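Hello,

Here is the structure I promised to hand over. My notes follow below it.

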Amino acid sequence: MKNTIKIQRAINNLTQEELANKIGVSRQTINSIETNRYIPSTLLAMKISKVFKMTVNDIFELEEND
């Protein structure tokens, strides 16, 4: 699954740590999501989308092999 979290963080001037604190996870979790090593739960994806004021579909995109 592709995502635009790193891009959205840059646009919003947020570090991984700051985003993690806003949604109640570790910085390592944000890093793992950004590098496609971890697929977030629906709840976590919704929290991320709320921070960026975007839909989940605008942030996450299924790839053909998902």
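The largest nonpolar core holds 13 residues, and Ile5, Ile48, Phe52 and Phe60 have the most contacts inside it. Such a core is a set of buried Ala, Val, Leu, Ile, Met, Phe, Trp, Tyr and Cys residues joined through side-chain atoms within 4.5 Å. Buried means under 20% relative accessible area (1.4 Å probe, protein chains only). Helices H2 (16–23), H3 (27–34) and H4 (42–52) are the elements that give two or more residues to this core. H4 gives the most, with four residues.

Ile5 is in contact (heavy atoms within 4.5 Å) with Leu19, Ile33, Glu34, Ile48, Phe52, Ile59 and Phe60, leaving aside neighbours within four places in sequence.

This is a predicted model: local features need pLDDT of at least 70, side-chain atom pairs count only at pLDDT 80 or more, and totals for chains, interfaces and linings use all residues. Residues are numbered from 1 along each chain as its sequence is written, and side-chain values use heavy atoms, with hydrogens and water left out.

**Whole chain**

The chain has five helices and two strands. These are DSSP runs: helices are H or I with at least four residues, strands E with at least two, numbered from the N terminus. The order from the N terminus is β-α-α-α-α-α-β. The C-alpha trace spans about 30 × 20 × 20 Å along its principal axes. Of the 66 residues, 32% count as buried. Among contacts with a separation of 6 or more, 53% come from residues 24 or more positions apart.

Best wishes

Terms used. Buried means under 20% relative accessible area, exposed over 50%, partly exposed in between (1.4 Å probe, protein chains only).
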